[in-house]
Amino acid sequence: MSSTHENIFLRLQRIDRRWIYLVLWLVIMVPLIFPFRIQPRASTPVAQLFNYIDTMPENKALVISVDFTPDTRAELQPMVIALLRHAFTIKRRVGILAMQVYGLGLAEEAIQQVTNEFNSRAQTHEDSVIYGEDFVFWGWTTPLLTVMLGMGERITRVFPVDYYGNPTESLPIMRDLKNYDDVGILVSIAASAMPRSWINFAQVQFGVNLSCGITAVSAADFYPYVNSGQFIGMLAGMKGAAEYEQLVEKRMKNKGMDWGLRNTGTEAMSSQTAAHLAIMVFIVVGNIAYFASRRRKK
Amino acid sequence: MTLSTDPWIWIAAILTLAIFSFLYRENPFYRFAEHLYVGIANGYAITFYWHRILVPSLFDRVGSSSTPLSTKIWLIAIAIIGALYFTRFIPRISWLVRIPIAIVLGYASGASIPRAVSGEIIRQMKATIITRASFANWQSGLWAVIILIGVIATISYFFFSTERRGLLKPLSYAGIIFIMIGFGASFGYTVMARISLFIGRLQFLLGDWLGFIK
C-alpha cells in the first residue's frame, strides 16, 4: 500500500467530527428544500392500527394520550395530527389527555391545527368538528396510577374539569364516554415507557384495547408487545408517522376530502433516506479505513 | 423565501441556533440557551402543579365549607406527609423524608408488581408458545419458531451457573447472534430517531422561520 493511501486512511480516522456534522447538515437540508418523491408504504403494525380505528364501531371513542415532551415533537407530533385527522374524517369521537405536563401544549397545538383544517372547510354543522360533542381535551392530572385506574371507573371523576376549565359532566360527549367500556382504542404517543404502564394498569385491569406511537429509539423495545397482541399495531418513529399520514390522506381522498394538507412526516422522508445513505457510507468508509490501517500496522 | 415576522418564531429560531452552536464548540450562547430551557421547563411544571393540583385538590377543598371535616383531616394529613419531602434540606430531621418515600414506594410497588407480572411476563411468555394457530400461514409459523428459538437461545446466553458445554455452548452462541441482531435493529432505529429530531428543527428553521418550505 502506498504512503498516499496510508495518509488518506489515517486522515479519515482523525477527521474532525465537525466535518461530519456539516455533511449531515447539508445532506438533510437539501432534500427538505428540493424534495424527491418518497411514498412510504404502510408496514403491518401501522396498517393494523389504521384498519382497527377505521372499522371501529361508531359508538366507541378514540382516546389519544399525549405522553411526550417537546424534545421529541418532530417524531411524535405528526402521529397525533394524523390520528386526529383520521378520527374526524370517519366521524369518531375523540378524547385527548396528557400524561406529561409538557405534553399539554403539544396536544392543544395539534387540536387547534386539525380542528381549523376541518372547520375552515366545513359547509354544514355536520361537517364541523365541535368541542364537547366530537372531541374533548381532558388535560393533565397526576399521579399516573390514579389516572389510568380511575378512568376505568369514571373519567369525569379523574378529570372533573377539562383543560379549559369546563366541568366535564356538562359536556355532551361525556354522556356516552364514561369509562374504558366506551373506548374503542387508546393510543399512547410516548417517548418513554408510558405505553407499558397503560398495559399494566389499563389493559390488565380493564381489558382496554391499546396501541402506541413511539420514538424510533424505543421501537425495538415495543415490538414484542405488538407480537403478543397487547398492542393493536404500532407507529414507530417518523417513518411510522409518515406511513400513517399516507393511509389517512388516501382515506380522506376517498371521502372527497382532497385538501392537500401538509404531512410533515412524509415531507421528511427524502431527508431521512439521504441521511441514512450518508451514514451507511460513513460506516463503510470508516471500517475500510480502520481495517486498512490495522493491516498496514501488522 | 418569506421571512417570518412573528417575534416568537425569531426567538425560537435564535435559541435553536444557539443550541446547535454546541456542535462547533462549547460557548456562552449554548450555555445561555441550555439554562433558559431548564429554567423555563421547571417553572412551567411547578406552575402547573400549583394551579392544577395543589390549589383545586388541596387548598380549595380544605377551605371549602362544603367539604366534610373527615375529608379535610385526611387532606391535611396527606399534605403534611408530602411536605416531609422538604426535610431533606434540614440535616437534623432529614430522616423524616423516608416516610413519604416509603408510602409512595409501598403504594406503587403494591399496585405495579402483580400487574407487571401479568402484563409483561405472563403475556410475553404466552406469546412465545407455539400453538396450531401459529401455523395459520407459513410466514407466521416461521416467525413463531424463530421467536421461540431466539428467546431460548438469548436466555441461555445469560445462564452463568454452569460452564458452557454440550448443548448450552451452541445455544448460547446462537443467543449472541440474536442479541447482536437486536443491537443492530436498535442502532438503526436510534439513527432514525436522532435524524428525525434534527429534521424537525430544520423544518422549523427552513419553514416557519425562513419560509423556504411551504
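This is a predicted model: local features need pLDDT of at least 70, side-chain atom pairs count only at pLDDT 80 or more; totals for chains, interfaces and linings use all residues.
Local features here need pLDDT of at least 70, side-chain atom pairs count only at pLDDT 80 or more, and totals for chains, interfaces and linings use all residues. Residues are numbered from 1 along each chain as its sequence is written, and chains are lettered from A and ligands numbered from 1 in the order in which they are written.

Me: Why is Leu96(B) called partly exposed?
Reply: A residue is buried if 20 or more other C-beta atoms (placed from the backbone) lie within 10 Å of its own, exposed if 12 or fewer, and partly exposed in between. Leu96(B) has 16 within 10 Å, so it is partly exposed.

Me: Where is Leu96(B) found?
Reply: Leu96(B) is in the loop between α3 (69-83) and α4 (98-128) of chain B. Helices (H or I, at least four residues) and strands (E, at least two) are DSSP runs, numbered from the N terminus.

Me: What does Leu96(B) contact, leaving aside neighbours within four places in sequence?
Reply: Leu84(B) and Thr87(B). Contact means that the C-beta atoms, placed from the backbone, lie within 7 Å. Tyr85(B) is eleven residues from Leu96(B) in sequence, and 7.8 Å away, C-alpha to C-alpha.

Me: Why is chain B called more spread out than a compact globule?
Reply: For 214 residues the rule gives 17 Å, but chain B has 28 Å, well over that, so chain B is more spread out. Its C-alpha atoms fill a box of roughly 70 × 65 × 40 Å along the principal axes. Buried residues make up 6% of the 214.

Me: What makes up the pattern of chain B?
Reply: It reads α-α-α-α-α-α. That is six helices and zero strands.

Me: Which residues of chain A does UniProt list as "transmembrane region"?
Reply: The unreviewed entry lists 20-38 and 274-292. UniProt positions follow the numbering used here, feature names are shortened, and annotations may be inferred rather than shown by experiment. In the model, residues 274-292 of chain A are 100% helix and 0% strand. Residues 20-38 of chain A are 74% helix and 0% strand.

Methods. Two residues are in contact if their C-beta atoms, placed from the backbone, lie within 7 Å. The radius of gyration is taken over C-alpha atoms; the globule rule is 2.2 Å times the number of residues to the power 0.38.
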